[in-house]
Amino acid sequence: QNIGNGTLKNIYKYTYTYPAAALSYKVSVAIPNRNEGVLNITRSVEVPFYVETVFSINAGLGQNSTPLLLNPAVDLTAVVGQPFIHNPNAVDAEGDSLAYRLSVSKTGDENICSGLSRGTMAPGFTQPNDSLSTFTINARTGDLIWNVPRQVGKYNCAFIIEEWRNGVKISETVRDMQIEVKDLD
């Protein structure tokens, strides 16, 4: 589905029966390729996009749905010298607690479903900041804040939404997104 700004929304549906309860199952996808010219990933156009969700299956915790991110990561434009803020507006159907933390943009071989080639840091990845700016996420609200973007260009970033129930972490969902910094009035 075209959701604007040259971005497509893909929905993958698959039914799978897990063999047993476990503390950690991982669902992931790697899709070629990222945009060309991303400043904080080496040869970005050659680096597959990769995201994952890790979750627990535990009868003692009851039913669970991972958090839904209501704000899409499209048309994210920052302006040189102006604060940039993005909030994914994550909600949880069961009312579980959510926490946020920065991560790294990852890559994976789209033809291999397991092993070391899945979920490794994208080559040359660094957070999109320099010595004069900060790039943070508020652990409670999910506000991703780049206080002073300084250089025009495309940047990638990633963060994790943790889902907690009764003091037990039951899932982690990754959002990887691109921010384009422009020099505007």
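Buried means under 20% relative accessible area, exposed over 50%, and partly exposed in between, with a 1.4 Å probe and protein chains only as cover. Leucine 70 is partly exposed, because its relative accessible area is 44%. The model is predicted, so local features need pLDDT of at least 70 and side-chain atom pairs count only at pLDDT 80 or more, while totals for chains, interfaces and linings use all residues. Residues are numbered from 1 along each chain as its sequence is written, and side-chain values use heavy atoms, with hydrogens and water left out.

Leucine 70 sits in the loop between strand E5 (68-69) and strand E6 (77-79); helices (H or I, at least four residues) and strands (E, at least two) are DSSP runs, numbered from the N terminus. Together with Leu68 and Val91, Leu70 makes a nonpolar surface patch of about 250 Å². Patches are made of residues with over 30% relative accessible area and no salt bridge, with like charges joined within 9 Å and nonpolar side chains (Val, Leu, Ile, Met, Phe, Trp, Tyr) within 5 Å. The accessible areas come from the Shrake-Rupley method with a 1.4 Å probe, and for residues only the protein chains shown count as cover.

From the surface, the account turns to the interior. A nonpolar core is a set of buried Ala, Val, Leu, Ile, Met, Phe, Trp, Tyr and Cys residues joined through side-chain atoms within 4.5 Å. The largest such core has 18 residues, and those with the most contacts inside it are Leu144, Trp146, Ile161, Met177 and Ile179. Two or more residues each come from strand E9 (97-103), strand E12 (135-137), strand E13 (144-146), strand E14 (153-165) and E15. The most, 4 residues, are given by E14. Another core lies apart from it and has 5 residues, among them Val38, Ile41, Val47 and Ala122. Contact here means heavy atoms within 4.5 Å. Leaving aside neighbours within four places in sequence, isoleucine 179 is in contact with residues including Leu76, Phe84, Phe135, Trp146 and Tyr155.

Charged pairs come next. A salt bridge is a side-chain nitrogen of Lys or Arg within 4 Å of a carboxyl oxygen of Asp or Glu, and by this rule the count comes to 11 salt bridges. In one of them, lysine 106 pairs with glutamate 52, with the closest N and O atoms 3.7 Å apart. This pair links distant parts of the chain, 54 residues apart: lysine 106 is in strand E10 (residues 106-108) and glutamate 52 in strand E4 (residues 49-57). Lysine 106 counts as partly exposed at 22% relative accessibility, whereas glutamate 52 counts as buried at 12%.

Glutamate 94 and arginine 165 also meet in a salt bridge, at 4.0 Å from N to O. Glutamate 94 lies in the loop between strand E8 (90-91) and E9, and arginine 165 in strand E14, so the pair ties together parts that are 71 residues apart in sequence. Glutamate 94 is partly exposed at 32% relative accessibility, and arginine 165 is buried at 11%. Glutamine 63, in the loop between E4 and E5, is in contact with both Glu94 and Arg165 when neighbours within four places in sequence are left aside. The C-alpha atoms of glutamine 63 and glutamate 94 are separated by 8.2 Å. Glutamine 63 is exposed, with a relative accessible area of 70%.

Salt bridges that share partners join Arg101, Glu162, Lys169 and Glu172 into one network. Of these residues, glutamate 172 lies in strand E15 (residues 168-182) and is buried, with a relative accessible area of 17%. Its side chain makes a polar contact with the side chain of arginine 101 at 2.7 Å. Such a contact is a pair of N or O atoms within 3.5 Å; within protein, one must be able to donate a hydrogen and the other to accept it, and residues adjacent in sequence count only if both atoms are side-chain atoms.

Two asparagines remain, with backbone angles to note. Asparagine 89 has a positive phi of about 50° although it is not a glycine, and asparagine 166 likewise has a positive phi of about 50°. Asparagine 89 is found in the loop between strand E7 (84-86) and E8 and is partly exposed at 33%. Asparagine 166 lies in the loop between E14 and E15 and counts as exposed at 74% relative accessibility.
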